[in-house]
Amino acid sequence: MRALVTGSSGLLGHCLTTLLRARGDALRLLDLLPPDDADDCRGAEFVQADMRDAARLEEAARGVEVIYHLAAAQRMKPQFAGLSEAQIYDMNLRGVANALDAAERGGVRKVVFVSSSGVYGVPRSVPCAEDHPTQPLGAYGRSKLEAEDLCRRAVAQGLDVAVLRPMSLFGPRMTGIFVMLFEWVRTGGPVYMLGWGTNRVQMVSAWDVAEACLLAAQVPESRGGIFNVGADPASVPTVYEQVSALIDHAASRSRIVRLPAALLRNAARALHFVGWSPIVPEHYLLADSTFILDISRARAVLGWEPQRSNVQLMIEAYDWYVEHGERYRPQAHPALRVLNGIASLAGY
């Protein structure tokens, strides 16, 4: 089988291409950036292109049986940090439209689109099933929700498309907000927590999501379906317990610093308005909410089962980061330097 993987150089792209290569699939990889490790392109065709380039995407889709569309711009990814919200939205939506058009023109058998749990916004009830109301908080979530609508239209016109909605992904080559957590723990610095940490937040291993991608491409009943993917809901502890388990595993001297939720949220909102916030609205508006997905549909239809618990997947990702993550270490943000100074004066 020949497969096209867009966004192949990212966290999920690395895990998915590793699994595809292991089972002997022929690979064509497309990304804005070349992979960090030359081994990722071993035995594969690599196309360096922007997913908004319809002609390059159509060319890359020729002769493939399955398209796994993972590529997406997020402000927390270093290569997209300078993009505006409007540019994030446009890049992601046009990328999906181009992938679907390329699949139709090229006679591709299956498209697997990786959307996001961000389409739900702040959960009104948990666990969130796929029919939970959708109210995304930022351009990234809005682009994913609009892209899902494009997928529904494509299915109505005869294309076979399946959609996955994962929680925050953990694994090798992570970037984003949780890498800041890893660095705080690695260096023994204060770990900042919004609120008391009594809420529960589900996560998911990128390796488990990669397995869900393979199943979505194979199972005929996935056609036109939308599937939540996350760690087993029963494995999700409170945020305080989750972070404490990581600190204990790392034998770190880090201490958890709880910050008043309303105060920090208002400060982050103000910093975001002037372009100085180290986090995006999806993070500071959700950080003290309980967010757990109902994954029963993926279990029943795809035969998928997450293999890593919430704590296990975070610890695995942290251990990889400590051993290999030199190039992924975040730059100290001015706002965080101020927080660190205040925490130091307070004795943390």
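These are my notebook entries on a predicted model, taken element by element.

**Ground rules.** I number residues from 1 along each chain as its sequence is written, and my side-chain values use heavy atoms, with hydrogens and water left out. The model is predicted, so to speak of local features I need pLDDT of at least 70, and side-chain atom pairs count only at pLDDT 80 or more, while totals for chains, interfaces and linings use all residues.

**Entry 1: the sheet.** I looked up the strand order. Seven strands form an open sheet, in the order β3-β2-β1-β4-β5-β6-β10. The pairing is parallel. Strands here are DSSP runs of E with at least two residues, helices are runs of H or I with at least four, and both are numbered from the N terminus. Two strands pair if DSSP finds at least two bridges between them. Which strands stand at the edges? They are β3 (44–48) and β10 (226–229). Each has a single partner strand, so one side of each is left without a neighbour in the sheet. On average, neighbouring strands of this sheet are turned by 15° against each other, direction ignored. For angles, axes are lines fitted to C-alpha atoms, for helices over the stretch in contact, and values run from 0 to 180 degrees between N-to-C directions.

**Entry 2: strand β4.** I went through β4 (residues 66–69) by residue. V66 and Y68 point one way, I67 and H69 the other. In a regular strand the side chains alternate between the two faces of the sheet. Are these four residues of β4 buried or exposed? All are buried. Buried means under 20% relative accessible area, exposed over 50%, and partly exposed in between, with a 1.4 Å probe and protein chains only.

Next I checked the neighbours of β4. Four bridges join it to β1 (residues 2–6), running parallel. Four bridges also join β4 to β5 (residues 110–114), again parallel. Y68 stands opposite V5 and opposite V112 in β5. H69 is the bridge partner of T6.

**Entry 3: helices on the sheet.** Helix α2 (residues 54–61) lies across β1, β2 (26–31), β3 and β4. It runs at about 170° to β2. Helix α3 (residues 85–106) packs on the sheet and touches β4, β5 and β6 (161–166). Its direction makes about 180° with that of β4. Contact means heavy atoms within 4.5 Å.

**Entry 4: helix α1.** α1 (residues 11–22) has twelve residues. From first C-alpha to last it reaches 17 Å, close to the 16 Å expected. That expected span is 1.5 Å times one less than the number of residues. Nine of the twelve residues are buried, among them L11, C15 and R21. G24 follows α1 and has a positive phi, near 95°.

Entry 5: Where is S254? I found S254 in the loop between α7 (239–250) and β11 (256–259). At 8% relative accessibility, S254 counts as buried. A polar atom of its side chain lies 3.0 Å from the backbone oxygen of W184.

Y192 sits in strand β8 (residues 191–194). Y192 is buried, at 12% relative accessible area. Its C-alpha is separated by 6.0 Å from that of I256, 64 residues apart along the chain.

Methods
A polar contact is a pair of N or O atoms within 3.5 Å; within protein, one must be able to donate a hydrogen and the other to accept it, and residues adjacent in sequence count only if both atoms are side-chain atoms.
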